[in-house]
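Trainee: I've got a chain to go through with you. Can we look at it together?
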Amino acid sequence: RGNLEKAQECQKRLAPLRLAFSLGTHPAMLKAGAELVGFPAGPPRAPVSPLTEPQREHLKQVLIGMGYDV
């Protein structure tokens, strides 16, 4: 809609989550994030491994920083 200021604000807010994509495979990170915010997603399917506990904790901190109640 041409609202560059709002678009930049949204991109800035999402930046920490985009950086968290490097914590593990995309399905593992998304499923862990969904679980952390209360949406049952279950484990990723083989051969994808779930996030390690330190990766999951890092993702949790990112979500908390974004204002999610985890």
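Trainee: What share of the contacts with a separation of 6 or more comes from residues 24 or more positions apart?
Mentor: That share is 51% in this chain. Contact here means heavy atoms within 4.5 Å.

Trainee: What should I keep in mind about the model?
Mentor: This is a predicted model: local features need pLDDT of at least 70, side-chain atom pairs count only at pLDDT 80 or more, and totals for chains, interfaces and linings use all residues. Residues are numbered from 1 along each chain as its sequence is written, and side-chain values use heavy atoms, with hydrogens and water left out.

Trainee: OK. How many helices and strands?
Mentor: Three helices and zero strands. Along the sequence the pattern reads α-α-α. Helices (H or I, at least four residues) and strands (E, at least two) are DSSP runs, numbered from the N terminus.

Trainee: At what angle do H1 and H3 cross?
Mentor: Roughly 170°, and their axes come within 9 Å. H1 covers residues 4-20 and H3 covers residues 53-65. The axes are lines fitted to C-alpha atoms, for helices over the stretch in contact, with angles from 0 to 180 degrees between N-to-C directions.

Trainee: So which label does the pair get?
Mentor: H1 and H3 are therefore roughly antiparallel. The cut-offs are under 35 degrees for roughly parallel, over 145 for roughly antiparallel, 65 to 115 for roughly perpendicular, and oblique for the rest.

Trainee: Which residues make that contact?
Mentor: H1 brings Pro16, Leu17 and Ala20, while H3 brings Leu59, Val62 and Leu63. Those residues divide into six nonpolar, no polar and no charged. Ala, Val, Leu, Ile, Met, Phe, Trp, Tyr, Cys and Pro count as nonpolar, Asp, Glu, Lys and Arg as charged, and the others, Gly among them, as polar.

Trainee: Switching to Arg13. What does its side chain reach?
Mentor: The Arg13 side chain reaches the backbone oxygen of Met66 at 2.9 Å. Arg13 sits in H1. Arg13 and Met66 are 53 residues apart in sequence, yet 7.1 Å apart C-alpha to C-alpha.

Trainee: And how accessible is Arg13?
Mentor: Arg13 has 48% relative accessibility, so it counts as partly exposed. Buried means under 20% relative accessible area, exposed over 50%, and partly exposed in between (1.4 Å probe, protein chains only).

Trainee: What about the chain as a whole, how much is buried?
Mentor: 19% of the 70 residues count as buried.

Trainee: Next, Ser22. Where is Ser22 found?
Mentor: In the loop between H1 and H2, the helix at 26-36. Ser22 counts as exposed because its relative accessibility is 66%. A polar atom of its side chain lies 2.9 Å from the backbone oxygen of Leu19.

Trainee: Last topic, the other loop. Which residues does the cis peptide bond join?
Mentor: Ala46 and Pro47, with omega about 10°. Pro47 is in the loop between H2 and H3. For background, most peptide bonds are trans.

Trainee: And Pro50, exposed or buried?
Mentor: Pro50 counts as exposed because its relative accessibility is 56%. Pro50 is also in the loop between H2 and H3.

Trainee: What is Pro50 in contact with, leaving aside neighbours within four places in sequence?
Mentor: Ala28 and Pro44. Pro50 and Ala28 are 22 residues apart along the chain, and their C-alpha atoms are separated by 5.2 Å.

How values were computed: Polar contact = N/O pair within 3.5 Å; in protein donor to acceptor, adjacent residues only side chain to side chain.
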